[in-house]
Amino acid sequence: MDLSAFTSKNWENAYFDSVLPEICKSEPCVLGVDEAGRGPVLGPMVYGICYCPISKHEDLKSAGVADSKTLTEEQREKLFTKIHENSDYIGWSLEVISPVYISACMYKRPKVSLNEISHNSAISLIKRAIAAGIQVSEVYLDTVGPPEKYEAKLQDIFPTLKVTVAKKADALYPCVSGASICAKVARDRALSSWEFPEGVEVKNWGSGYPGDPITKNFLMNSLDRVFGFPGLVRFSWSTAEKILEEKCVPTTWKDDEEEDEKKNTPSVLDYFAKKQKSLSDEAVKSPPAPKRRRHHYFTERCLAPVTNF
Amino acid sequence: MSVNIDVTSVLEKECKGSSHVQYMPCNIEYDGEASLSTYFTKYVKEEVKDAENREEKVLHGMFRGYPLTGAVMAVPEGYTGVVLKETRPGLKSDEERTMKSICKFNEITFWNWDRKASRGDEYQQAMDWTSIADVIHDSN
């Protein structure tokens with residue numbers, strides 16, 4: 001698996017494909033979809049598909065392609081080699097989704113959620129598989145969000161395929177397990193060969209999960225006061241946001257300002273006349289002279305005379 | 001208090017390129033050095049679009065995870081951009097201040113948060129004022 005196309009530009013997404021087994025073009029196939037690296041605050045999220053002829057689905061199981069969550073990195077690499085050795089009937093494809101892309105999506109207006117990113121990736125991988133000539137017949141996926149909704153959405157996009165979305169699909173269907181293994185191996189390799197465009201020299205950031213103290217330490221130490229974290233970090237994760245708020249120079253984005261303005265909206269009661277107090281209580285004061293305000297032509301364009309910096 | 005601005009030193013110099021001054025769509029409460037080339041410029045990508053018989057160069061960038069869309073813009077005609085630096089911050093608030101120009105520019109990179117740069121942006125509309133001011137205050 002050569003990921004150099006991603007490594008050289010790790011702020012952009014990249015697709016990778018195995019060699020297409022000829023048998024998958026002529027026989028109906030099962031196709032499993034799974035991901036790796038959804039939860040961590042560091043690194044890419046990888047979406048993978050693994051496919052083989054329906055007639056050979058059980059062979060995947062006998063090859064040992066099973067629940068990848070219980071495997072160590074070493075065991076996963078061994079299984080990936082096995083998949084590679086059986087490339088006459090097993091194929092895979094991956095999309096490596098960069099952390100910069102994930103942050104950018106979640107900070108878009110309107111926001112594109114992580115679930116949406118996941119759905120879009122799965123859909124694009126299935127479409128690419130079909131376009132490549134694979135006789136996709138049955139698709140199996142682990143659920144992202146409510147399973148019935150996801151299944152219905154996919155079934156709608158792919159009416160001729162049999163779509164099954166299930167919890168723990170990687171334990172139920174060998175092709176999903178295969179996808180999971182490929183995705184995890186890809187993520188492991190993408191991280192171990194990560195080259196910081198910022199020139200940061202760190203090789204140990206722990207598991208990449210927000211709860212890991214080594215990861216937290218990396219986050220604290222890799223900060224630049226102005227720019228925040230290097231592109232390895234998912235800025236939109238609340239762990240990252242909190243550290244940025246504490247340690248970096250404050251910045252305000254327009255939407256934040258609009259929210260503050262809402263808080264300053266006067267109460268409707270201010271528009272009603274105050275109760276008349278009897279003249280003996282207070283001396284009557286004349287209303288204050290109206291303030292001279294700049295013409296809205298200038299305020300709209302943020303123009304104001306400057307006499308000091 | 002008065003502010004003295006000295007621009008004489010840069011007028012003879014070459015203009016800095018468009019990547020020297022970046023107009024950001026956020027308020028950054030900071031005055032000081034920023035490692036643009038380390039953290040920012042590397043993530044800037046240029047996209048050439050075909051729009052109405054002319055080529056449009058749209059820039060894509062990232063700041064603190066936020067997606068930025070930008071374009072190179074010239075400073076209004078007849079004007080020169082100058083970067084000022086305070087030579088010696090005064091201790092008392094009523095002291096005279098001196099700003100010295102450290103470089104000049106005639107192009108900036110303008111960035112919007114996730115929206116293409118357009119004539120409707122405040123900055124572009126603000127720059128229109130220079131030509132209107134000319135007409136209004138023209139002593140001819």
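**Figure 1. Salt bridges and polar contacts across the interface of chain B and chain A in the predicted model.** Two salt bridges are found across the interface of chain B and chain A, a salt bridge being a side-chain nitrogen of Lys or Arg within 4 Å of a carboxyl oxygen of Asp or Glu. A:Lys108 forms a salt bridge with B:Asp114, with 4.0 Å between the closest N and O atoms. The model is predicted: local features need pLDDT of at least 70, side-chain atom pairs count only at pLDDT 80 or more, and totals for chains, interfaces and linings use all residues, while side-chain values use heavy atoms, without hydrogens and water. Residues are numbered from 1 along each chain as its sequence is written, and chains are lettered from A and ligands numbered from 1 in the order in which they are written.

**Figure 2. The side of chain B that touches chain A.** The contact (heavy atoms within 4.5 Å) takes 38 residues from chain B and 37 residues from chain A. About 3800 Å² is buried between the two chains, 63% of it on carbon and sulfur atoms; buried area is the accessible area (1.4 Å probe) that two parts lose on being put together, summed over both. In chain B, the residues that lose the most area to chain A are B:Tyr39, B:Arg64 and B:Trp113, together 23% of what that side buries.

**Figure 3. Strand pairing between chain A and chain B.** Strand E7 (residues 251-253) of chain A and E3(B) run antiparallel and are joined by three bridges. Strands pair if DSSP finds at least two bridges between them; strands (E, at least two residues) and helices (H or I, at least four residues) are DSSP runs, numbered from the N terminus. A:Trp253 has B:Cys26 in E3(B) as its bridge partner.

**Figure 4. The six-stranded sheet of chain A and helix H6.** The sheet is open, with mixed pairing and the strand order E1-E4-E3-E2-E5-E6. Its edge strands, each pairing on one side only, are E1 (14-17) and E6 (162-166) of chain A. Neighbouring strands of this sheet are turned by 15 degrees against each other on average, direction ignored. E1(A) pairs with strand E4 (residues 91-97) of chain A in the antiparallel sense over four bridges, and A:Asp17 stands opposite A:Ser93 in E4(A). Helix H6 (residues 114-131) of chain A lies across E1, E2 (29-36), E3 (45-53), E4 and E5 (136-142) of chain A, running at about 35 degrees to E3(A). Axes are lines fitted to C-alpha atoms, for helices over the stretch in contact, and angles run from 0 to 180 degrees between N-to-C directions.

**Figure 5. The five-stranded sheet of chain B.** Chain B contains three helices and nine strands. The open sheet has the order E2-E9-E6-E5-E4, with mixed pairing. Its edge strands are E2 (22-23) and E4 (45-51) of chain B, each of which pairs on one side only. E2(B) runs parallel to strand E9 (residues 107-113) of chain B, and two bridges join them. B:Tyr23 stands opposite B:Phe110 in E9(B).

Conventions:
Polar contact = N/O pair within 3.5 Å; in protein donor to acceptor, adjacent residues only side chain to side chain.
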